[in-house]
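Please walk me through this structure. Begin where the chains meet, then move on to local details.

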Amino acid sequence: MGAPAALQACPSSLDNRISIWSVGDLGNVGLNGEYQGEPQLLCDIRHNGDVMDMQFLDQERIVVASSTGNVTIFRHHQNNQTLSANQRWEKAHYHVDRDASCGGAACTGVICSNPEIVTVGEDGRINLFRADQKDAVRTIDNADSSTLHAVTFLRTTEILTVNSIGQLKIWDLRQQRNEPSQIFSLTGDRVPLHCVDRHPNQQHIVATGGQDGMLSIWDIRQGTMPVSLLNAHEAEMWEVHFHPSNPDHLFTCSEDGSLWHWDTSTSVSEKPSFLHQGGRSTTYFSHNTINQSVVSAWLSNDPTKDRMEITNLIPNQTLSVNSLDILGPCLVYGTDAEAIYVNRHLFA
Amino acid sequence: SEQAAGEKPHCELQRTESCKVQVTAEGGKGKALCGEGRPSSSCVFVVRKDQDIYIQTLRKLFNESHGIFIGLQRSEEEFAGKSRKTQLVQVSKNYRSVIRACMEDMHQAAVSARDPALHSQYSTQVSILSAMELIWNLCEILFVEAAVAGPLLLRLLDWVRLHVCDVDNMVREVLSSENPSKHELFWNVVDVFVLQGRMDEARHLLSKEASANPTSVNMCRILDDLMKKMPVPSLGNTQTLTEMELKWQHWHEECQRYLQDGTFASNSHMESICKILLGDENAILEKKELMTTWYHFLVTRLLYSHPTVKPMELRFYAQSSMDLFLGGESSPEPLDTILMAAFEFELHQVIKECSIALSNWWFVAHLTDLLDHCKLLQSHNLYFGSNMREFLLLEYASGLFSHYSLWQLGVDYFDHCPEYGRVYLELHIERIPLNTEQKALKVLRICEQRQMHEQVRSICKIMAMKALRNNRLGSALSWSIRAKDAAFATLISDRFLKDYCEKGCFSDLDLIDNLGPSMLLSDRLTFLGKYREFHRLYGEKRFSEAAKLLLMLMTAHIAPCSFWMTLLTDALPLLEQKEVIFSAEQTYELMRCLEDLTAGKSDKQKFQDDDVETMKVEMLRLALARNLARVIVKEGTLEGS
């Protein structure tokens, strides 16, 4: 997220828009002298197809994945507060015949590491793009026989993907062969995995969320099965994010309308108190783990010492929470009730 | 359209007498003219889609009111009695504040719209929303809060003050001028305050007149005094109605005395104000332009002639007010009819008139639901079986389903229609276009939560077929697993096997090697998994295990008969190995399988078999025989097998 601005997109067809909002309150007077507490719409632009995923490439550019299979870079011009389409890769994802009118396949996930952009889609394809380069740097066709739901960087040259038959795969982009370097899968039923995120500091720790709302923590150095399975939501978990600067905190959002804050900062006296309206419901969990000798709280195996505090941040849940993002003390999430919520005092 | 509210179809129909048939498309939302089937009729119907759901700013109305609606349904029996009423009034206020918020947004949009057509559309919407809020507010006072005599008048005064804004500009102008009392519209503004019962503000202006005009100081003081002393109903329990009426009677007589003494004779403005205070209808009517509406006139009349009016008495005053105000010059508009019905406490009439006047069901659906929660609607059934509330909610929700995103709101509305909600949902949910997998997943989740198993299977089948057609076998399998659709899993496995036969190798090994427990979904799938395992074992040179597996596939009838030939052919390299792999027992089994296979064919089939087929069978027989020979010898020697 850039400066005090957050991002929002309406996830529907026909009149979808990419919008930039400002939630700054540090001396910024609203355009009409309005109450600065409300997010202000700065600018927006039409988008073709549903917005499936998006990410900031740098301070000014945003990469957007569309349900039509296109991948677009938008540029936000801060001097006159406008958005413009900077670059587009048409039909980056497609089924069978690229030129057929119905050949488009949704691009489901995008991840950036300036200037590289990796996208995955319903066609099981992985694309590696470079900003300002017209053609894809690399394309892995049929990388997966099922739908790839999400992608994230593991290291600068390695990516992680999750698919709809419950597999987590590592791909080494330096290698020319079109095979994953490692495949992990869930025990038991092959429940589709919808989201993936890597611990910001400890790169071997990966979290994934599944269609049954289960949160899985993996240690990719060891074994092919998850380290912990945490029963969380009652429906699909759409996104999972480690807090970028405070990785003892994890956030997940789900189709069941809840947004959970997972806190593993183990010392009870040090835990931050969360001020938000509506009260909270907390549960103490000790998760079932496999024996590990690792330091991280996420992989810890001592049930008495290790207690995770889990809080539902939404008091009156109705429709699905589709997406969330966090930066510093600020949490943004969007729901199917066509509303965005901003919480600027997460650790107050 | 002259149909009763209970029969209103989903789209608007206008009867036109015309024999032409034309189809026009308006900006993507088609308009169609259709002729009626009967040969004797020459009627043509103009049909159009409900456009309101596509207006951007109204979406906020739909989304927010959905939240309020759900909250109301969930709060059902938590409270009782007085606190329940307070709760319901709060819900009503919430709805109204959402309407007002939308009005604001719509107004902003109208102001900033450059296209005149758009500007006029938005402005129209603003006035419609304003009318809706006006009606809702009145219904809240009369039905939800059910204000009693006393507070009733106060609420009505608030209502009028809130909604008659035509005079606001004038008021602002006069108040902000250097010398208000010298302003030409000064007395108009004082009149406005008096008509709206805003005594303090009127007195404030009068004091300005007093200081500016020494000759009228005395009159101003007296008038000010009268205004100060005017008894008003109280909201609390500080006085009973009888007490208030008594005080009011005395005050009224005092005003009468001053008027008859000619105290205000030298100033026509103040004299007319005094007459208004006395409730003189003609005097009040003279200020028609300042009141602008008959219901303002009604409330002013009540304030100055009958402040302790009871709810049931309103109808008489309302009817006469409207007649007096309109004076036969103009006929009542739809809004007037609706308000009149409300004053007459004819709930059903209100709902019916609103249904006719408004272009979509939002208003009547939510208002009726609220009134139903207030237990004000009798539950008599309409002729097709469901009650008024449910009928309106069903219509509203059905309208939402034609929208690509608002359909999710519709689901919750159907959930709260006990009679027909479920069946409506079942029909609508299957028709939502599934353009992305994520959307399909959302729809599926809704179906699963409501045990709509048939719809789950149907949707999963659609998605699986789509995947299959796009050659996404893993996706197709994933959908079959979700629906526990064994038949489809079999179909997918057959596809894999077919690919294998054609290409000689497996595609999508990442899928087949990682089937896990889902392998058990269908026999064919199990076979596929095991068959792949056989290949893996062979690749790892674990021949005896591979051999055992291969045989088991046939003898345990896991393999389909059509595949036996392929399996037997796969056995060939094992039979040809230097070391003996198949035991005698196993070899006999293999031979039996082969014979079963060939015996099954009729003579005609054997004749049609090409050379390759026959050669294969011959080769197998030979290999089996040789293996048998070797193994008998091996097993028979004293060194053991």
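Between chain A and chain B there are 5 salt bridges. This is a predicted model. One of the salt bridges joins the side chains of B:Arg59 and A:Glu338, at 2.8 Å from N to O. Across the interface of chain A and chain B, 23 residue pairs are in polar contact, both residues at pLDDT 80 or more. On the side of chain A that touches chain B, strand 14 (167–172) and strand 15 (182–185) of chain A are the elements that give two or more residues. By class, that side of chain A holds 12 nonpolar, 20 polar and 13 charged residues.

Now the extent of the interface. Contact involves 45 residues of chain A and 35 residues of chain B. The area buried between the two chains is about 3,200 Å². Carbon and sulfur atoms give 44% of that area. Three residues stand out on chain A. A:Ser145, A:Arg190 and A:Glu338 supply 18% of the area that chain A buries against chain B, more than any other three residues. A:Glu338 is also the partner of B:Arg59 in the salt bridge.

Next, a strand within chain A. Is strand 22 (residues 259–263) of chain A enclosed or open? All 5 of its 5 residues are buried, so strand 22 is largely enclosed by the rest of the structure. Both of its faces are covered. A:Leu259, A:His261 and A:Asp263 are buried on one side, and A:Trp260 and A:Trp262 are buried on the other.

Strand 22 of chain A also has strand partners. Strands 21 and 22 of chain A form a hairpin, with 4 residues between them. In the turn, A:Gly257 has a positive phi of about 90°. Strand 24 (residues 308–312) of chain A is likewise joined to strand 22, by 4 bridges, and runs antiparallel to it. Here A:Asp263 has A:Glu309 as its bridge partner.

Last, a residue of chain B. B:Glu173 lies in helix 5 (residues 168–176) of chain B. B:Glu173 has a relative accessible area of 44%, so it counts as partly exposed. Which residues does B:Glu173 contact, leaving aside its neighbours within four places in sequence? They are B:His183 and B:Leu185. The side chains of B:Glu173 and B:His183 are joined by a polar contact of 3.3 Å. B:Leu185 is 12 residues from B:Glu173 in sequence, and their C-alpha atoms are 8.9 Å apart.

Conventions. Residues are numbered from 1 along each chain as its sequence is written. Chains are lettered from A and ligands numbered from 1 in the order in which they are written. This is a predicted model: local features need pLDDT of at least 70, side-chain atom pairs count only at pLDDT 80 or more; totals for chains, interfaces and linings use all residues. Side-chain values use heavy atoms; hydrogens and water are left out. Contact means heavy atoms within 4.5 Å. Buried area is the accessible area (1.4 Å probe) that two parts lose on being put together, summed over both. A salt bridge is a side-chain nitrogen of Lys or Arg within 4 Å of a carboxyl oxygen of Asp or Glu. A polar contact is a pair of N or O atoms within 3.5 Å; within protein, one must be able to donate a hydrogen and the other to accept it, and residues adjacent in sequence count only if both atoms are side-chain atoms. Ala, Val, Leu, Ile, Met, Phe, Trp, Tyr, Cys and Pro count as nonpolar, Asp, Glu, Lys and Arg as charged, and the others, Gly among them, as polar. Buried means under 20% relative accessible area, exposed over 50%, partly exposed in between (1.4 Å probe, protein chains only). Two strands pair if DSSP finds at least two bridges between them.
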